[in-house]
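Visitor: I'd like a walk through this one, and I'll keep asking how you know.
Guide: Fine by me, let's look at it together.

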Amino acid sequence: FYFSKQINKMLIHQPIRTIPTFIKCFQRTNLFKSPPLYNFFGATSLQIHTSSPRFLKEIVTTEDNNVITIEGKYVESPRQGQLVKNPIEDKKVCVLCALNLNLKHTDVLILSQFLRSDGCILPRRITGLCKRQQKIVTYLVAMAQKAGLMPNLNPKPSKMDPELRYGPKKYKRYFIEDTIREYSFKYKTKPESDYYPLIKTKPPPVVFKLTPKKLTPN
Amino acid sequence: MSLTRRTQQWATFGRTWYLYDMKWQNPFHSARKIAYVLSGRNKPIFEDRTDCGDHVVAINSRHISLPGNEWEKRVYYHHTGYPGGATWTLAHELHAKDPTIIVEKAVYSALDKDLTRHGRMRKLHIFPDDKVPEKIMQNVTHQLRQMRPVPVRLDHIPKDVVDNFPKIFDWPKDFVLK
């Protein structure tokens, strides 16, 4: 009974694939995506991109022997020469586990790599991290965003810049990384307040001491 | 006294003026450090009842940072003495009224709870911003080290540093980034 229900769902909700795939791959590059000319209300809606989209493919025209070939070639990713090599070559170990960095919420250069330009965190299938590291990164990113350390990675109407926020949110705050459960057992840090000693009052001076008299042999 | 002996006397018993930048610092941990210096416990000539403490000029008290949600949760209690005169004000409300009060109260609680407290508080000079009167700044000679490292915002880092920073993962083959 249960399985038949699932099959029914699949039959009902199957997407209609009319667009052939070779046009679909060009569509993703936003090059041939033409804006719909008229809306339901008769108004035009243009798709304006404020940030430059990532082009997957590039159109290359080559001529030889009176034959012009136009093809869409895959573009090399801009990160080619900058990748960190996984010190443990075994692919089962994720990069952050292998590097063994003591990440803090102030390590903005590393944490911003896991975000979209929106400020949204990228999923695990793209970052390639293990489940534990992905959780740690999400918590650290949340801390950094609350502390106002990444105000340029934000959706447009937001107030990621703390100076624009209302009330207590505009004041500076910091976070303690030990509160992340996945983090606490590995990196035990000394509590900050112990770097400077508490002022202790001296005990009152001893006025007189009772000492046992020495027994001399007589 | 000879001249050398006299200068030695001035050097040991003279009051030094310290500068402490409170930007991105926790006021309660910093207060411990400041109270240590105000009481004169950093000196070998320390004696509790003699007035041997140093001056501390605390700047940028408007830019202190509290951990987590303490701005919304920390409460300061005050009673006027009259019936119905109890008030509970939150830290962010107090900070909005006067940005020096939180630091002042923190240092007051960190000092020894005896009659020397008011004398030592007079040696503390708190300013909300970088702006310090000239007469006080002329006396300042030393600086106390900050307790917490100051974080850097992403938009304050130059763009070429961000672009050339080593990347942890590469984009998958057919992935379009927004």
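**Strands, contacts and charges**

Guide: Let's start in chain A, where strands β1 (residues 57-64) and β2 (residues 67-74) pair antiparallel over 8 bridges. Keep in mind that this is a predicted model.

Visitor: What makes β1 and β2 of chain A a pair?
Guide: Pairing takes at least two bridges between the strands, and β1(A) and β2(A) have 8, so they count as paired. To pick out one position, A:T61 stands opposite A:I70 in β2(A). The hairpin has 2 residues between the strands, and A:N65 takes a positive phi near 55 degrees there.

Visitor: Which strand of chain B does β3(A) join?
Guide: β3(A) is joined to strand β3 of chain B, residues 65-67, by 3 bridges, and the two run parallel. The cut-off is at least two bridges, so this counts as a pair as well. Across from A:Y174 you'll find B:P67 in β3(B).

Visitor: How many residues does each chain bring to the contact?
Guide: Chain A brings 52 residues and chain B brings 48. The area buried between the two chains is about 5200 Å², with 63% of that from carbon and sulfur atoms.

Visitor: Why is the link between B:R153 and A:D161 called a salt bridge?
Guide: The limit is 4 Å between a side-chain nitrogen of Lys or Arg and a carboxyl oxygen of Asp or Glu. In B:R153 and A:D161 the closest N and O atoms are 3.2 Å apart, so the pair passes. The rule finds 3 salt bridges across the interface of chain A and chain B. There are also 20 residue pairs in polar contact between the chains.

Visitor: What elements of chain A supply residues to the side that touches chain B?
Guide: α3 (95-99), α4 (108-111), α5 (124-127) and β3 (172-174) of chain A each supply at least two residues. By class, that side of chain A has 27 nonpolar, 12 polar and 13 charged residues.

Visitor: What makes β6 and β7 of chain B edge strands?
Guide: The open sheet in chain B has 4 strands in the order β6-β2-β1-β7, with parallel pairing. β6 (124-126) and β7 (140-143) each pair on one side only. Neighbouring strands of the sheet are turned by 30 degrees against each other on average, direction ignored. Strand β2(B), residues 55-59, and β6(B) pair over 3 bridges, with B:I126 as the bridge partner of B:A58.

Visitor: How do you know that B:R15 and B:D51 form a salt bridge?
Guide: Their N to O distance is 3.1 Å, and the limit is 4 Å, so they qualify. B:R15 sits in the loop between α1 and β1 of chain B and B:D51 in the loop between α2 and β2, so the pair ties together parts 36 residues apart in sequence. Over all chains, the search finds 14 salt bridges.

Technical notes: Residues are numbered from 1 along each chain as its sequence is written. Chains are lettered from A and ligands numbered from 1 in the order in which they are written. This is a predicted model: local features need pLDDT of at least 70, side-chain atom pairs count only at pLDDT 80 or more; totals for chains, interfaces and linings use all residues. Side-chain values use heavy atoms; hydrogens and water are left out. Contact means heavy atoms within 4.5 Å. Buried area is the accessible area (1.4 Å probe) that two parts lose on being put together, summed over both. A polar contact is a pair of N or O atoms within 3.5 Å; within protein, one must be able to donate a hydrogen and the other to accept it, and residues adjacent in sequence count only if both atoms are side-chain atoms. Ala, Val, Leu, Ile, Met, Phe, Trp, Tyr, Cys and Pro count as nonpolar, Asp, Glu, Lys and Arg as charged, and the others, Gly among them, as polar. Axes are lines fitted to C-alpha atoms, for helices over the stretch in contact, and angles run from 0 to 180 degrees between N-to-C directions.
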